[in-house]
Amino acid sequence: MNFGFYRVACATNDTVVANCSHNASSIIELITKAKENNAAFLLLPELAISAYTCSDLFLQETLLQNAQTELFNIAKYTDGICCVVGLPLKANGMLFNCAAVLSNGSILGIVPKTYIPNYAEFYEMRHFLGAVSSLKNIEIFNSQTGACISVPFGTDLLFTSCKNADFVLGIEICEDLWSVTPPSVQVALAGATVIANCSASNEIIGKASYRRMLVQSHSARLLSAYLYADAGTGESTTDLVFAAHNLIAENGTILAEAAPFEKTDGFIIADIDCQALLHERQRTTTFGQCYKNAEKTENLNYRRIELKIKPLDTQSNRLLRIIPQLPFIPQDKNNRAERCRQVIELQTAGLAKRLKHTHAKSAVIGLSGGLDSTLALLVTVNAFKKLGIDLSGICAVTMPCFGTTKRTYNNAVELANSLNVTLKEINIKAAVLQHFADIGHDENIHDVTYENCQARERTQVLMDIANQTGGLVIGTGDLSELALGWATYNGDHMSMYGVNVSIPKTLVKHLVSWFADDFATAGMQKASETLIDILDTPVSPELLPPKDGEIAQKTEDIVGPYELHDFYLYYLLRWGFTPKKIFALAKQAFEGVYDTATIEKWLKIFCRRFFAQQFKRSCLPDGAKVGTVSLSPRGDWRMPSDADSAQWLAQLE
């Protein structure tokens, strides 16, 4: 299935300066290696056929003829792959530093270097001319056939196909990237999703980190994949050293890297997602605005050359990229701790501003002993400290009823006491039973009415206490619950400010864990132990009577594992992926954890619930966005409540 993935490679050939025959043989070996690894595209360095450090030998006809001859030899081996390779080429009495695009035995086009460096250790202007706009085609002589062929020439070339239009190749060469106005900016605006840079960048102290930053940031700015193939140790060391520092980046992320001097051939391979890149451009509307602005001053009518390139068959090939099970959470422990700190700071800042703006005298939180209300309380304590308000102004209300267990009740009490906030206990059983009597509901029928009456009674209590104390009700519901609609409308669905509104359930756990570690370090052992037990407690709304004193109603048994739902949520909202693609990614990410049938079952349920429950999200309380995914009807996600999920479910069928 074509999900927009393409396997691409960068490599550095074994170079002998001015020996085009040897260099071509090495290039052909790398093409074979790339094919063996199922790569559809291979990028090689600047002037790879001749070597970059030929100096005045570039003025020798023998070198130029041999480079041209070997170009045709290399092209013969490009069956089923696209290869970009650098060489010197002359036209109209001028010499150009070029990148040739080869595929299926043909030379599809030639792109000359735009910016020719002539400073410090570079003296390219001695030999090469920068790109000229008047040359649109050049004649190249094939000494083996005795025939000349006309090849498209220029910096206005894009290589793509109608069938796989998400892969659009643009070319620039070495210094072009390092310039103030890289040609790739215009190339990307013209439609290129993949920028390939044939380079010969010498190594000096500190240059590798700068080069990495340049490639990484440029891919982010262009919303593109950026491939960089560097010259290697075979170049002349008369004045310089080269290190085969090859890089593959995608939208600000380094997917693969051959560190300087790490590999002789610098061979790296990665699977880029061109479909995701196009979605990001569509989503980031300033990309289109830049196109409109450039259209006024630049010629964006690029020539498109037909390129037959195959997307990766994800059924036959495992993706060569990490598909994290928890996309909202960094895998590295140190990065994860830093992410938690930043998220908590964002939550705290949002709530502190709202408390200050409304002159709130108190904050009222329904404390259940579960994860979400625990996090809301911890963030509220931080906000009060930030504002210098006495913590007694935080009113934590525990409201036991039919489903409350001893474990969650005790944890709620212990946490409130250890944090020095005001604890208020209001047993709502009598009020709920009275309400059952008022509406004529049998208390022995444990249906949705039985459950929701409790949730709405709790919300009423919180709202009225907030009125009494001149405060705000702090919402506890999280992003995952909002996505699934796992909230009682006008019950726990409602608050005066929602601190967890953009926190997915999988991240809530890590945030509470971060607080537990922080408390332990600060000597607050009891609070830390309470948080650890809360983390070990099954997620539950506790609206049904316990069984043998234990929680009877486990949320994940009803709506499915939150780690799956957060995975679906991330790829549906952040990247707009189809259910088919999300399913394929989930199968790889959760291999050995969930079988195919389980992944499919919960994905169907997610799609159904996500569409059906939009009406709850359309009237959400305020709450600050902290990550890349938010369901606020005033911000990231505006969806009609009557939207139909049929087309999404049809894909899964």
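**Close-up views of a predicted model**

View A. Asp372 is found in helix H9, which spans residues 371-387. The model shown here and in the other views is predicted. Asp372 has a relative accessible area of 8%. That value is under 20%, so Asp372 counts as buried. Neighbours within four places in sequence are left aside in the contact list. Beyond them, Asp372 is in contact with Thr476, Asp478, Glu481, Asn500, Lys505 and Val508.

**View B. The five-stranded open sheet that includes E16.** The strand order is E18-E17-E16-E19-E20, and the pairing is parallel. Strand E18 (422-425) and strand E20 (497-498) stand at the edges. Each has a single partner strand, so one side of each is left without a neighbour in the sheet. Strand E16 (residues 362-366) pairs with strand E17 (residues 394-398) over four bridges, in the parallel sense. Within E17, Ile394 stands opposite Ala363.

View C. H9 lies across E16, E17 and strand E19 (471-475). The direction of H9 runs at about 165° to E16. Helix H10 (residues 406-418) lies across E17 and E18. Its angle is taken against E18 and comes to about 150°.

**View D. The six-stranded open sheet.** Six strands follow the order E5-E4-E3-E2-E1-E14, with mixed pairing. The edges are strand E5 (106-112) and strand E14 (268-273). Each edge strand has a single partner, so one side of each lacks a neighbour in the sheet. From one strand to the next, the twist averages 35°.

View E. Strand E2 (residues 41-43) and strand E3 (residues 82-91) pair over three bridges, in the parallel sense. Leu42 stands opposite Cys83 in E3. Helix H2 (residues 61-75) packs on this sheet and touches E3, strand E4 (94-103) and E5. The direction of H2 makes about 150° with that of E3.

**View F. Two nonpolar cores.** The largest nonpolar core has 89 residues. Which of its residues touch the most other members? They are Phe567, Tyr568 and Phe610. Leaving aside neighbours within four places in sequence, Tyr568 is in contact with Ile582, Ala586, Ile599, Trp602, Leu603 and Phe606. In soluble globular proteins, nonpolar side chains tend to be buried together.

**View G. Two aromatic pairs.** The structure holds 25 aromatic pairs. One of them joins Tyr119 and Phe122 edge-to-face, at 5.6 Å centre to centre and 70° between the planes. Tyr119 is partly exposed, at 41% relative accessibility. Phe122 is buried, at 7% relative accessible area. Tyr571 and Phe577 form a stacked pair, at 5.7 Å centre to centre. Their planes are 10° apart, and the limit for stacking is under 30 degrees. Tyr571 is buried, with a relative accessible area of 9%. Phe577 is also buried, with a value of 5%.

**View H. Charged side chains over aromatic rings.** The charged end of Lys581 sits over the ring of Phe577, 3.9 Å from its centre. Arg574 lies over the face of Trp575, at 4.2 Å from the ring centre.

Terms used. Residues numbered from 1 in each chain as written. Predicted model: local features only at pLDDT ≥ 70, side-chain atom pairs only at ≥ 80, totals over all residues. Heavy atoms only, no water. Phe/Tyr/Trp six-rings, centres within 6.5 Å; stacked < 30°, edge-to-face > 60°. Buried < 20%, exposed > 50% of the residue type's maximum accessible area, 1.4 Å probe, protein only. Lys NZ or Arg CZ within 6 Å of the ring centre and 35° of its normal. Pairing = 2+ DSSP bridges. Helix = DSSP H or I, 4+ residues; strand = E, 2+ residues; numbered from the N terminus. Axes fitted to C-alpha atoms, helices over the stretch in contact; angles between N-to-C directions. Contact = heavy atoms within 4.5 Å. Core = buried A, V, L, I, M, F, W, Y, C linked by side-chain atoms within 4.5 Å.
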